[in-house]
Amino acid sequence: MATVLSLHDRGILTAVNSGASSLSFVGSGFIVLCYSLFKELRKFSFKLVFYLSLSDMLCSFFNMVGDPSKGFFCYAQGYTTHFFCVASFLWTTTIAFTLHRTVVRHKTDVEDLEAIFHLYVWGTSLVMTVIRSIGNDHTHLGAWCWAQTGRTGKAVHFITFYVPLWGAILYNGFTYFQVIRMLNNATRMAVGMSDRAYQFDSRTDTKALNRWGYYPLILIGSWAFGTINRIHDFIEPGHKIFWLTFLDVGTAGLLGLFNSIAYGLNASVRRAISERLELFWPESLKRWFPNSSRHRNQQQQSELVSLKVQDQQ
């Protein structure tokens with residue numbers, strides 16, 4: 001393990017960062033495009049997913065286009081990446097909050113909180129980005145201009161990004177645990193009911209429960225190596241570990257792709273795509289998507305609101 005990354009190592013990191021960020025840009029951009037094209041997706045629950053994907057798309061974009069060799073672009077890349085990455089994980093907390101408020105607390109006023117969500121996400125992201133300028137001494141690690149060489153700057157970077165990040169992870173994990181426990185209890189109660197109006201589609205609910213359980217793991221998997229790398233860099237400055245930095249760059253760059261698959265590519269999106277494909281594509285290609293004709297008269301699955309626990313009036 002070399003203490004300083006070679007030009008060859010930096011070239012590899014640049015390629016990994018560009019490739020991973022490109023995949024995230026395409027994945028999150030696809031969700032943004034679906035929201036823009038399909039009117040049936042423009043509901044409050046998916047609107048939050050749209051804002052999450054938009055943040056991921058911009059974070060990935062600036063992560064790719066920043067030029068570490070030029071001072072102005074290095075600063076621009078560092079701050080815009082910081083801003084939109086913070087916004088990304090903050091939007092996941094609004095999704096978790098919405099799900100908890102709807103399912104556990106049985107509230108129907110979540111749409112009235114949209115303005116507060118925007119103030120919370122964009123305002124907090126801006127404050128964290130401004131505070132990060134304290135002790136600012138940007139450098140580049142071949143792939144991007146997010147790193148800082150000053151000890152104070154490293155500490156501020158950790159406080160303004162990784163501390164709120166892990167706070168969001170803990171909040172999401174606790175929130176989804178409560179939601180899953182609530183629905184498990186409701187499922188057991190529904191089994192003993194004879195009235196079919198209160199019965200669950202157990203297969204659908206099991207898939208939804210499993211899907212929610214993975215949401216906090218996305219942030220953990222994407223930022224665990226980055227957190228370890230930042231702590232190591234603070235303790236032993238100048239001693240770079242290539243494999244750790246490689247995993248840091250790769251997993252962080254793929255966050256937008258993971259989010260687009262987990263949050264965005266749900267039953268509603270697949271159904272909307274399937275309906276369009278039925279109009280234009282040959283039969284041999286339709287089999288890759290769910291047959292929407294079987295579901296048109298069923299209640300549309302929502303992974304963020306109501307979730308068939310009970311009707312809220």
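This note sets out numbered points on a predicted model of a protein.

1. Basis of the model. The model is predicted, so local features need pLDDT of at least 70 and side-chain atom pairs count only at pLDDT 80 or more, whereas totals for chains, interfaces and linings use all residues. Residues are numbered from 1 along each chain as its sequence is written, and side-chain values use heavy atoms, with hydrogens and water left out.

2. Overall composition. The protein has 10 helices and zero strands. Helices (H or I, at least four residues) and strands (E, at least two) are DSSP runs, numbered from the N terminus. From the N terminus on, the order of elements is α-α-α-α-α-α-α-α-α-α. Of the 313 residues, 46% count as buried; buried means under 20% relative accessible area, exposed means over 50%, and partly exposed lies in between, with a 1.4 Å probe and protein chains only. Among contacts (heavy atoms within 4.5 Å) between residues at least 6 apart in sequence, 76% join residues at least 24 apart.

3. Helices H1 and H7. The axes of H1 (residues 7–37) and H7 (residues 242–253) come within 7 Å and cross at roughly 20 degrees. Such axes are lines fitted to C-alpha atoms, for helices over the stretch in contact, and angles run from 0 to 180 degrees between N-to-C directions. H1 and H7 are therefore roughly parallel to each other; angles under 35 degrees count as roughly parallel, over 145 as roughly antiparallel, 65 to 115 as roughly perpendicular and the rest as oblique. The crossing of H1 and H7 is right-handed, a term used if the near helix is turned clockwise from the far one by less than a right angle, with left-handed used if the turn is anticlockwise.

4. Residues between H1 and H7. H1 contributes Asp9, Ile12, Leu13, Val16, Asn17, Ala20, Ser21 and Ser24 to the contact, while H7 contributes Phe242, Thr245, Phe246, Val249, Gly250 and Gly253. By class, the residues of this contact are seven nonpolar, six polar and one charged. Here Ala, Val, Leu, Ile, Met, Phe, Trp, Tyr, Cys and Pro count as nonpolar, Asp, Glu, Lys and Arg as charged, and the others, Gly among them, as polar.

5. Serine 24. This residue of helix H1 has 0% relative accessibility and therefore counts as buried. The side chain of serine 24 reaches the backbone oxygen of glycine 253 at 2.5 Å. Not counting residues up to four places away in sequence, serine 24 touches Gly29, Ser60, Gly253, Leu254, Leu255, Gly256 and Leu257.

6. Methionine 57. The C-alpha atoms of methionine 57 and serine 24 are separated by 6.9 Å, although the two residues are 33 residues apart along the chain. Methionine 57 is in helix H2 (residues 44–65) and, at 17% relative accessibility, counts as buried. Leaving aside neighbours within four places in sequence, methionine 57 is in contact with Phe25, Ser28, Gly29 and Val32.

7. Helices H7 and H8. The axes of H7 and H8 come within 4 Å and cross at roughly 35 degrees. Thr251, Ala252 and Gly253 in H7 meet Leu255, Gly256 and Phe258 in H8. This contact has three nonpolar, three polar and no charged residues. Seven of the 10 residues of H8 (residues 255–264) are buried, so this helix is largely enclosed by the rest of the structure. The buried residues in H8 are Leu255, Gly256, Asn259, Ser260, Ala262, Tyr263 and Gly264.

8. Tyrosine 215. This residue lies in helix H6 (residues 202–235) and counts as buried at 3% relative accessibility. Leaving aside neighbours within four places in sequence, tyrosine 215 is in contact with Tyr176, Ala262 and Tyr263. The side chain of tyrosine 215 reaches the backbone oxygen of alanine 262 at 3.3 Å. Tyrosine 215 and alanine 96 are 119 residues apart in sequence and 9.3 Å apart in space, C-alpha to C-alpha.

9. Lysine 154. Located in helix H5 (residues 151–191), lysine 154 counts as buried at 15% relative accessibility. A polar contact of 3.1 Å joins the side chains of lysine 154 and aspartate 233. A polar contact is a pair of N or O atoms within 3.5 Å; within protein, one must be able to donate a hydrogen and the other to accept it, and residues adjacent in sequence count only if both atoms are side-chain atoms.

10. Histidine 106. Most residues other than glycine have a negative phi. Histidine 106, which is not a glycine, has a positive phi of about 55 degrees. The residue is placed in the loop between helix H3 (71–103) and helix H4 (114–131), and at 28% relative accessibility histidine 106 counts as partly exposed.
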